[in-house]
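Welcome! Let us take a walk through this structure, one step at a time.

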Number of protein chains: 2
Amino acid sequence: MEEDIIRAGFREIKRKSEVFGDDAGAFGIGDGWLVVTNDMLVESTDVVASMSQEDIGLRVVTMNASDLAAMGARPLYFAFSVGLKESDERSARKLFRGIQLGLEMYGMSLISADTNQSDELIIDGIAVGMAKSLMLRKNARPGELVCVTGDLGKPLSALLIELKGMEADEGLRKKLYEKFLRPVARIEEGITLADFSRCAIDISDGMVKELKAISEASSAGIVIREEELPISDEVREFCRINGLDAYLIAMNSGEEYELIFTIDRDKISSLEIEFTVIGEVVEEKGVWIKKGGKTERAKDFSWRHFSKELF
Amino acid sequence: MEEDIIRAGFREIKRKSEVFGDDAGAFGIGDGWLVVTNDMLVESTDVVASMSQEDIGLRVVTMNASDLAAMGARPLYFAFSVGLKESDERSARKLFRGIQLGLEMYGMSLISADTNQSDELIIDGIAVGMAKSLMLRKNARPGELVCVTGDLGKPLSALLIELKGMEADEGLRKKLYEKFLRPVARIEEGITLADFSRCAIDISDGMVKELKAISEASSAGIVIREEELPISDEVREFCRINGLDAYLIAMNSGEEYELIFTIDRDKISSLEIEFTVIGEVVEEKGVWIKKGGKTERAKDFSWRHFSKELF
């Protein structure tokens, strides 16, 4: 979908909630915030052959729960609309079983659902949660540290195996696919973070894209130190075999559902979650990568570029 | 979509909100209820040639706002996920303009939105509202009166012109199409009703189907008096020309977005909205129609039956 068409469409819409266009929208209720998000999964663009119906169902819950986590909200309720292309009871049951799995994992209850027939499988997931305070993209301030949960690169590595035929032996492949097929939203981390951080985003499109969103919303810059990126041995091994640059994979891997957040230096020692400090917020706008002695603009690639343009 | 597949799927889902499966779902918050609904529009099944992109956008808001109205909730926020099939800026703008029109009509603000590319136009609308008390399908009690807002039959009449080539001169056609293309959700009526009624439903699939839902959920029956049905002169004229039974059209016309509600006899004089008393709640389960001296089971037809099986 072309960006300018989306922008043109959204210009028509004048009535927006107080918090709109972040990972989720929100409105004040009592002394907290009610947080609402929706994210649609379309078979032709979001599903690959190795995903089972159960993987798909779980994924729709995860990608929406993750948007709540990025705002610091506790997920409470889930809703979905599904367009099923065939009257196949077996598939439908598996899909719904995946959704149920997600509801259990994230402690959510189903509040509303709608079932339709369509030309391809489409599921729109909707998540509703509550937050005491919100972490917003616009709140990054120069001087703060930039951190990320978990490790980076597995989903993109798996996607390159799946769609570009890149190489990995069975054992390696299995380890890379685990997170690709069953990513986990960082719910407890998000809730904990909201007491310490005012700015977070989840990695759905890839770290560079997410950092750009923070940079633009906050009118600040972000410098990432290459050697600090949390890249697993598996991703490094995969990159070595296929002649890829591991830091580019880590910076552009999407559907990670890790949380990127910014935080004051003096608060990180109190933070009881696992995370890695990867850089800092600076005055000069843009997203930068510090490699050895050099600082350059971070490259923003989609997975499609990874065999065509780079290698 | 086959009913048993949907049922089989939903059996997989164990975690449900306190209020689930009504026009909308709800959970208690403060001393009221937060009400959430979602309803998907799929081009291949829900859109006909005479609907403009603006009509479609407005409709998605209306059908969701109407579900809130049926629960007695005031609409507050709207969200949507859209799958657009072409990169056509003109169409996208019109679609979004229709959504904006709906937001203005119903006093809602956009809280979240997601844009995708898909094989056909699909829009999932999500509405969030608040209610002091809820009107639920399960609350109809024998002895209560059954009432409906507005008049019935125009959308189905228009659909029969559109899809079955039934006859109507230009003036009549225009009057029938008005409500078909631009139905209006009964927001203020729903909010007012919540102080007087404990049971309501909106007419999206046709009155017989909605009454059946009330009957089953309440374990009670409903008797409708044919001569009381609010049928406009236009629908009567259309039925006369095409040899149709006006009461069958009124009872099976969908996408009316009128509200059906049940109410104690002694409360209706206090009710300051426009409505028609059309029947009453009885002990014996089922939906019944009283024609002249006879009482028979109400027939439940979809529009597809109206040329094939009935006439």
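What follows goes from the parts of one chain to the meeting of two chains.

A word on the ground rules. This is a predicted model, in which local features need pLDDT of at least 70 and side-chain atom pairs count only at pLDDT 80 or more, while totals for chains, interfaces and linings use all residues. Residues are numbered from 1 along each chain as its sequence is written, chains are lettered from A and ligands numbered from 1 in the order in which they are written, and side-chain values use heavy atoms, with hydrogens and water left out.

Begin with chain A, where the domain assignment gives domain 1 (3-131) and domain 2 (137-308); such bounds come from an automatic or database assignment. The centres of these two domains, taken over C-alpha atoms, are 23 Å apart. Where they meet, 26 residues of domain 1 are in contact with 23 residues of domain 2 (contact means heavy atoms within 4.5 Å). Between them the two domains of chain A bury about 2,000 Å², 51% of it on carbon and sulfur atoms; buried area is the accessible area (1.4 Å probe) that two parts lose on being put together, summed over both. On the domain 1 side, R59(A), S66(A) and A69(A) supply 23% of the area buried against domain 2, more than any other three residues.

Charged partners meet here too. The two domains of chain A share six salt bridges, each a side-chain nitrogen of Lys or Arg within 4 Å of a carboxyl oxygen of Asp or Glu. In the salt bridge of D55(A) with R182(A), the closest N and O atoms are 2.6 Å apart. Which elements of domain 1 supply at least two residues each to the side that touches domain 2? They are α3 (53-71), β3 (74-84) and α4 (89-106) of chain A, with helices (H or I, at least four residues) and strands (E, at least two) taken as DSSP runs, numbered from the N terminus. The largest share, 11 residues, comes from α3(A).

Now turn to chain B, where 67 residues are in contact with 67 residues of chain A. These chains bury about 5,700 Å² between them, 64% of it on carbon and sulfur atoms. Across the interface of chain B and chain A there are four salt bridges. R93(A) forms a salt bridge with E12(B), and their closest N and O atoms are 3.0 Å apart.
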